[in-house]
Amino acid sequence: MKLIEDANKEAVKRILEGEPKLIDILPAREVLKGLKEKMILHAGPPITWDRMCGPMRGAVAGAIVFEGWAPDLKAAEKLAADGGVEFHPNHHFGAVGPMTGMTTVSMPLFVVENTKFKNRTYCAINEGLGKVMRFGGNDESVLNRLRWLRDVFGPQLAKAIRALGSIDLKSITARGLSMGDELHQRNLACSSVFLREVAPTLARVVDDKEQLAECLAFIAKNDQFFLNLAMPMGKAMTDPAKGIKGSTVVTAMCRNGTDFGIRVSGTGDQWFTAPVEMPEGLYFPGYSEKDANPDMGDSAIVETIGLGGFAMAAAPAVAGFVGAGAPSAAANFTRSMSEIAVGQNPEWTIAAMDFAGVPTGIDVRLVVETGIVPLINTGIAHKEPGVGQVGAGVVKAPMGCFTQAVRAIAKELGVS
Amino acid sequence: MSNVILNEIRKGFYLDSVALMRISREVAASPGVAEAALMMGTPANIAIMKNAGLLKDGKTEAQGNDLILAVRAESEAAGRDALAAAEKALDKPKTQGEGAEAWRPRSIAAAVKSIDGLNLALISVPGDFAAAEARKALSRDLHVMMFSDNVSIEDERSLKELARERGLLMMGPDCGTAIINGAPLAFANNVKRGGIGVIGASGTGTQEVTCLISEAGGGISHAIGVGGRDLKKDIGGITTLMAIDALDADPATERVVLISKPPHPDVAKTVLARIAKSPKPYVVCFIGAKSAELPPNARFAATLKQASELALDGRPISKGYDPAAEAKRHARRKGASKIEGLYSGGTLCAEAQVILAGGGRKVASNAAIPDVPDLSAPEANGRERIIDLGSDEYTKGRPHPMIDPSVRDDALRAALKDPSIAVILVDVVIGYGAHGDPAGHLVQIVEKRGSDAPLIVGSVCGTEQDPQIRSAQARRLQDAGILVAPSNADACKLALALVTSG
Amino acid sequence: MSDEKKSPVQKLLSTEVKVLNVGLEGFVKDLKHCNIDVVHVDWSPPAGGDPAMATLLAKLGV
């Protein structure tokens with residue numbers, strides 16, 4: 001159908017033309033329009049407290065204490081259960097967040113601007129590994145780290161970014177892909193390149209040597225630091241592709257630990273949801289499937305722009321890590337994802353595939369037609385709040401989201 | 001020196017230099033092009049292109065991240081064509097390297113998108129899905145050979161109309177055999193290449209004719225299948241007419257054999273009128289028809305063997321084989337006088353009916369030719385049965401007897417025990433797609449027959465170059481006491497001679 | 001005759017056939033045996049075998 005083909009071409013063109021740049025770090029209350037006290041933004045499509053999984057509830061309780069809306073975790077849970085806080089998806093505020101994806105007023109957020117389309121997106125700073133709020137962690141050590149990010153790291157890194165003017169995220173991504181990152185389960189190269197870009201300026205703007213060392217070490221010790229930049233980069237690139245009549249290209253994929261949701265260009269802000277699946281993968285010693293929480297996080301936005309599972313061929317080591325088979329088979333992941341994509345990204349190429357571009361622009365029609373669903377590289381969270389990551393794997397986007405989307409587009413176009 | 005210089009700039013378009021060099025080389029080799037280059041607009045590249053006389057007025061506005069397409073050609077038109085070819089090559093997604101070996105596309109769309117040069121889809125998915133897949137292939141400019149059957153006549157017509165609109169060949173549905181440029185598609189044999197083109201509305205008819213020609217020293221240019229219903233009124237010979245156009249224009253084809261069941265009279269008229277306009281000689285074998293009103297450049301063949309001989313310009317096939325003399329060497333079973341034909345090949349079954357009915361036998365068949373009663377009709381009672389074991393009633397939920405010869409076993413065992421049967425007539429079809437050792441299977445079933453069992457007469461449809469090897473299959477049959485004739489027509493003649501002699 | 005003037009069918013008859021095999025896998029082996037380029041599609045019924053959805057997708061141009 002020509003209308004659809006043209007619309008999809010336009011959607012992919014807009015995605016590819018994006019020029020996402022990191023321009024600032026600011027508290028959420030200053031940048032997210034409509035965000036108020038006692039409002040919690042979470043990962044995935046909309047969800048209510050009664051349907052939230054364990055880690056999501058744990059993170060909510062932690063966020064409430066962090067913001068001082070309740071004196072302790074117990075009181076925080078009661079407040080949430082009694083309807084004392086409002087829940088909204090990050091996506092409704094132009095933001096994204098990994099795993100539980102907590103965003104509240106005082107958290108410092110990366111500000112990413114797509115300078116081509118002048119749209120902005122936001123994401124909190126990655127907390128590092130171990131016990132962290134994104135996996136549902138909420139004890140004092142978790143809250144203390146968030147306080148440090150709010151009071152020290154965020155403002156200091158912000159100074160460096162402002163001094164630099166902006167940092168081009170697309171080119172870091174291109175380099176990372178050539179250095180073994182797929183930008184979902186592996187961000188080691190991109191994080192290192194990022195550190196290389198900011199370190200000299202950070203040294204200039206931070207007066208206290210000890211603080212400088214802490215800031216540098218924080219980035220250096222966190223292999224996943226760049227994930228929280230890749231995500232708002234993804235959203236900044238796909239947002240301009242929203243709302244093109246007839247387009248069947250996916251503009252967002254995310255999950256809240258209970259539901260998986262997608263948005264499709266031609267249907268604007270409508271969510272198509274289905275129960276989220278369990279990741280399949282490898283577990284850290286001492287853990288097994290029994291401990292796993294269903295998949296969660298807004299991070300699947302990176303697959304929406306051709307990274308993560310779609311770029312598996314760039315990161316053969318990840319294929320082994322997530323239990324997706326032999327590293328030599330990694331390219332087959334990318335090839336099969338290209339079956340459901342409209343185009344390739346000529347700026348993000350994969351050396352091991354003779355510089356083929358990452359598959360870009362998931363077409364819901366092709367997903368339903370071929371039965372190939374998007375594969376998402378993901379961390380596996382423990383189902384009990386606060387334990388943290390217990391493994392890594394691959395999760396399938398549920399087919400139900402895509403069949404609903406196809407029917408909705410057909411209806412929109414008057415096809416039955 | 002040629003002097004038309006054409007430049008084009010693609011802003012912000014990057015492709016690695018190896019890929020660009022490959023495209024440059026291809027474009028430079030196009031007709032009428034003196035020089036061509038696709039390069040990123042870096043200062044160093046601009047200098048190179050300027051020195052090569054590839055930049056209009058010796059300059060360009062391109063920047064380092066822009067791609068320059070430059071052509072120097074003998075004419076504006078040649079230059080434009082070359083640029084268009086370069087554009088097309090640029091817009092094609094990159095194909096993937098050797099690792100792709102292990103990867104299998106899941107859809108026609110993905111295969112076409114990621115693999116260069118595909119030009120024909122061989123479709124053998126279940127009938128319910130076949131039309132949709134064929135439509136996908138045609139809309140992506142692939143010719144289609146559709147082996148699948150159980151496709152509605154409406155679908156067949158709309159597919160063939162779509163194909164005609166796009167100038168593509170739609171072979172089938174229910175097309176068992178084709179050979180395009182030496183590529184055997186579905187059930188086909190390894191035949192010698194040569195100047196004889198075949199258009200076949202039937203699978204085994206095409207196989208028998210191409211094999212007889214090849215074994216007699218001739219060669220095949222192409223064998224185009226059209227599907228069993230192409231010459232019915234509903235379809236009107238769409239593919240047959242396109243095949244005639246193609247073989248007429250094909251320099252490798254000197255003459256053409258057309259094989260089909262008798263067409264609808266209107267369609268026959270159209271097709272023969274088209275043949276009349278051809279500069280090439282035709283052999284027309286409407287198997288089951290006694291004759292046809294043919295134009296001067298066409299000759300009528302009543303059997304597949306005769307069609308092969310006429311295609312070879314009268315060179316006899318199976319020269320020196322004398323069925324009557326052969327028959328005298330074998331004693332017929334006492335008290336028995338009937339022939340029973342048990343065929344795996346549909347058109348071989350039809351040829352048997354032509355020859356046996358022509359020889360005065362009263363036959364009936366489940367795949368009856370004109371003037372032969374259907375087995376289920378009352379007048380079939382008491383007639384000799386010539387059975388096509390490849391027809392629907394035998395193959396529902398089972399593979400075709402050419403793939404799985406055991407479909408014939410029960411009928412064979414029953415015929416061996418039937419005291420009224422003097423001769424069992426069989427075919428053994430080999431080649432690509434067929435069972436690995438059909439003769440061996442047949443022998444297993446019949447080797448323990450008693451000394452007063454019916455005689456078994458057969459032929460091997462295939463060539464020496466086929467994987468099963470024609471002569472090896474024939475020997476296997478002969479060693480088990482089966483009388484092997486050099487063609488199906490000869491086998492039928494031998495059967496006739498056996499039941500009519502002495 | 002120059003290549004550009006040839007009809008698609010004439011082009012097919014004058015170039016190497018490169019086959020996309022959709023269905024029975026046995027045909028692949030035969031073609032490879034003859035050194036014919038062939039790519040096998042790992043086919044399964046479209047839209048998971050849901051005919052209504054397959055029809056809808058066809059209308060949407062898949």
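D57(B) is exposed, with 7 other C-beta atoms within 10 Å. A residue is buried if 20 or more other C-beta atoms lie within 10 Å of its own, exposed if 12 or fewer, and partly exposed in between, with C-beta atoms placed from the backbone. This is a predicted model: local features need pLDDT of at least 70, side-chain atom pairs count only at pLDDT 80 or more, and totals for chains, interfaces and linings use all residues. Residues are numbered from 1 along each chain as its sequence is written, while chains are lettered from A and ligands numbered from 1 in the order in which they are written.

- Most residues other than glycine have a negative phi, and most peptide bonds are trans.
- D57(B) has a positive phi of about 55°, although it is not a glycine.
- D57(B) sits in the loop between α2 (43–51) and β3 (67–73) of chain B. Helices (H or I, at least four residues) and strands (E, at least two) are DSSP runs, numbered from the N terminus.
- D313(B) is not a glycine, yet its phi is positive, about 60°.
- The loop between α10 (304–311) and α11 (323–328) of chain B holds D313(B).
- D313(B) is exposed, with 12 other C-beta atoms within 10 Å.
- G172(B) and P173(B) are joined by a cis peptide bond, with omega about 15°.
- P173(B) lies in the loop between β6 (170–171) and β7 (177–180) of chain B.

**Chain B as a whole**

- Chain B has 17 helices and 19 strands.
- Its C-alpha atoms fill a box of roughly 100 × 50 × 40 Å, taken along the principal axes.
- Chain B has 502 residues, and 52% of them count as buried.
- Take the contacts in chain B between residues at least 6 apart in sequence: 68% join residues at least 24 apart. Two residues are in contact if their C-beta atoms, placed from the backbone, lie within 7 Å.
- The average pLDDT of chain B is 92, and 96% of the residues score at least 70. pLDDT is the predictor's confidence in each residue, from 0 to 100.
- Over residues 96–100 of chain B the pLDDT is below 50. Beyond near neighbours in sequence, this stretch has 9 contacts in the model.

**A covered strand in chain B**

- Strand β12 (residues 282–286) of chain B is mostly covered, with 5 of its 5 residues buried.
- In a regular strand the side chains alternate between the two faces of the sheet.
- Y282(B), V284(B) and F286(B) point one way from β12(B), V283(B) and C285(B) point the other way, and all are buried.
- Strand β11 (residues 255–260) of chain B runs parallel to β12(B), joined by 5 bridges. Two strands pair if DSSP finds at least two bridges between them.
- I259(B) stands opposite C285(B) in β12(B).

**Where chains B and C touch**

- The contact takes 38 residues from chain B and 31 residues from chain C.
- On the side of chain B that touches chain C, at least two residues each come from α4 (108–114), β4 (120–123), α5 (127–139), β8 (183–186) and α8 (238–249) of chain B.
- β4(B) gives the largest share of that side, 4 residues.
- By class, that side has 24 nonpolar, 10 polar and 4 charged residues. Ala, Val, Leu, Ile, Met, Phe, Trp, Tyr, Cys and Pro count as nonpolar, Asp, Glu, Lys and Arg as charged, and the others, Gly among them, as polar.
- β4(B) and strand β1 (residues 18–22) of chain C run parallel, joined by 4 bridges.
- A121(B) stands opposite L20(C) in β1(C).

**A bent helix in chain A**

- Helix α7 (residues 188–205) of chain A has 18 residues; at 1.5 Å a residue it should span 26 Å, and its end C-alpha atoms are 25 Å apart, which agrees. The expected span is 1.5 Å times one less than the number of residues.
- α7(A) bends by about 40° at V198(A), and a proline, P200(A), follows within four residues. The bend at a residue is the angle between axes fitted to the seven residues ending there and the seven starting there.
- The buried residues of α7(A) include F194(A), V198(A) and L202(A).
- These buried residues of α7(A) pack against α5 (140–164), α6 (169–177) and α8 (209–220) of chain A.
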